[in-house]
Amino acid sequence: MRKITIVGAGQAGMLVGVGLIRKGYEVTVISNQTPEEIRNGRVTSSQGMQAIPIQIEREMGLRLWEDIYQPWDGAQFNILNPQDNSTALTFSKLLGARNGASDLVMESIDQRVKMPGWIHRFEELGGKMVYEDADIASLERYSEESDLVLVASGKGDIGKLLKRDDEKSVFDKPMRALGLAYVKGMTPMKTRDHGDIQRGLTWSACPGVGEYFVCNALTTSGECDIMIFEGVPGGPMDILDTRDGPEKYLENCLKILKEFFPEEYARCQNVELTDDMGILSGRFPPTIRKPVLTLPNGKFAMGIADAVCLNDPITGQGACNAAKFAKTVYDAVLKHGQDDFDDNWMQSTFDNYWESAKYCVDFTNAMLVEPTQAMGMFLTACDANQKVADIMFSGMDDAERIHRYLFDEQETAKLIAKLSATPAEQLIAQSA
Ligand SMILES: Cc1cc2nc3c(=O)[nH]c(=O)nc-3n(C[C@H](O)[C@H](O)[C@H](O)COP(=O)(O)OP(=O)(O)OC[C@H]3O[C@@H](n4cnc5c(N)ncnc54)[C@H](O)[C@@H]3O)c2cc1C
């Protein structure tokens, strides 16, 4: 029986682990946190998931909360006017059951709920959990005992053993100051085109200041809303710090909303934190790393998901990408049969993943800087034409679908012309 060791019991590690154990592999997952520590610990993410990664979770038999939690009813994007914070552009879409389309699903399940549930399922299936903080010496040990070692450690320090890929990494510093607050008591979202939506996502950008989004989620105490803050570093939104304590932290969240996102502030008159650990602050440089780690004993370990491809959360894609990366690795392991998992296999597995991931990385990086001309045209058209907005929403699940409209104004103009009566030349001239 082939032995696989995975460092990290997160979104990617548990998907590969459970997937492979179901196929008869001997799988050990190393975690530096027990399920109790994860469940009682600090929130980690807003973990909004889309149809493709949800389908991957289904394939691995890990849709454990479908009876108690339904996906979102809708989503809305707003670009605000920096002068007075009024809405300059807005577009929305009904999702899931309200839309009736199975390819338009989004949801969020607190990783403090999800990971303990998945660890429990993994052990039920015969997987072995080891609770320790892996280091380079442990990786060597695992490599002696296993056919394949995967490093799925997320933002954990051990991932920094993997070399930065200078060609693929666009930034060398954090592009946003991040904040999360899990709350109860928020009123439903209001959309221009689809009325009130009880449970969903609103994403708003205040140019030059930052972004704020809020989504429904299942947390340890039932349903909640997650407030997500993406402040330009050093700017007026960069005031969130968990060291201030929960009360002051929430006060600062509301201060940001009152000043820059007044319509969202109006929804928050009665909000309170779900729990004292329902807040997070931090920042990191978006970084792509080389996937192959050569260990001192000459053997190899392979980095996957955030350990290799760490994006800013601005587009809410990291957990989705982790699931897609996990699926690529899972398929490649199965296909490889009894052959050696050498450095060539690791590199080509990553290259295969990168073929689709690069579109998402470009999309995410583009959202962190001044919009391209094409993106400006595309977002303006989303506001004017629901059919263009529909394409934007489908790109949240697969960024390749929208990539050319974000970077090539000719393509954007052609699309808009096709979906409306305006000739492409006129659209380009208008936006120049
Ligand atoms: C503020 C914020 C909001 C986000 N919102 C979204 C969103 O809406 N949608 C989305 O798709 N993504 C979102 N993400 C990103 C998403 O959460 C991550 O990309 C995803 O969880 C990465 O999965 P992973 O398996 O690579 O790592 P993780 O899920 O982080 O798991 C890594 C695990 O490895 C463990 N570990 C680390 N080091 C060691 C070690 N040395 N030994 C043993 N164990 C170790 C950690 O404890 C952890 O359990 C967000 C992230 C942040 C910070």
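Trainee: Which strands do the buried residues of helix 6 pack against?

Mentor: In this predicted model, they pack against strand 1 (3-7), strand 8 (148-151) and strand 19 (300-303).

Trainee: Thanks! And which residues of helix 6 are the buried ones?

Mentor: Helix 6 covers residues 136-145, and its buried residues are Leu139, Tyr142 and Ser143. Viewed down the helix axis, the buried residues fall within an arc of 100°, so they line one face of helix 6.

Trainee: What about the other side of helix 6, which residues are exposed there?

Mentor: There you'll find Ala137, Glu144 and Glu145 exposed.

Trainee: OK, new topic: the ligand. How many residues surround it, and which are the closest?

Mentor: The ligand is surrounded by 37 residues, and the closest are Gly8, Gly10, Gly154, Gly156 and Gly318.

Trainee: Which helices and strands each supply at least two residues of that shell?

Mentor: Those are helix 1 (11-21), strand 2 (26-31), strand 9 (177-184) and helix 9 (318-336). Helix 9 comes up again here, with the largest share of the shell, four residues.

Trainee: How do the shell residues divide into nonpolar, polar and charged?

Mentor: The shell around the ligand has 17 nonpolar, 18 polar and two charged residues.

Trainee: And where does the ligand lie relative to domain 1 and domain 2?

Mentor: Both domains give residues to the shell around the ligand, so it lies between them.

Trainee: Remind me, how is the protein divided into domains?

Mentor: Domain 1 is 3-46 + 54-64 + 111-171 + 287-366, domain 2 is 74-105 + 175-282, and domain 3 is 373-431. The centres of domain 1 and domain 2, taken over C-alpha atoms, are separated by 29 Å.

Trainee: How many residues of domain 1 and domain 2 are in contact?

Mentor: On the domain 1 side there are 13 residues, in contact with 17 residues of domain 2. The residues on that side of domain 1 divide into six nonpolar, three polar and four charged.

Definitions and conventions: Residues are numbered from 1 along each chain as its sequence is written. This is a predicted model: local features need pLDDT of at least 70, side-chain atom pairs count only at pLDDT 80 or more; totals for chains, interfaces and linings use all residues. Domain bounds come from an automatic or database domain assignment. Two residues are in contact if their C-beta atoms, placed from the backbone, lie within 7 Å. Ala, Val, Leu, Ile, Met, Phe, Trp, Tyr, Cys and Pro count as nonpolar, Asp, Glu, Lys and Arg as charged, and the others, Gly among them, as polar. A residue is buried if 20 or more other C-beta atoms lie within 10 Å of its own, exposed if 12 or fewer, and partly exposed in between; C-beta atoms are placed from the backbone. The arc is that of the directions from the helix axis to the C-beta atoms. A residue is near a molecule or strand if its C-beta atom, placed from the backbone, lies within 6 Å of it.
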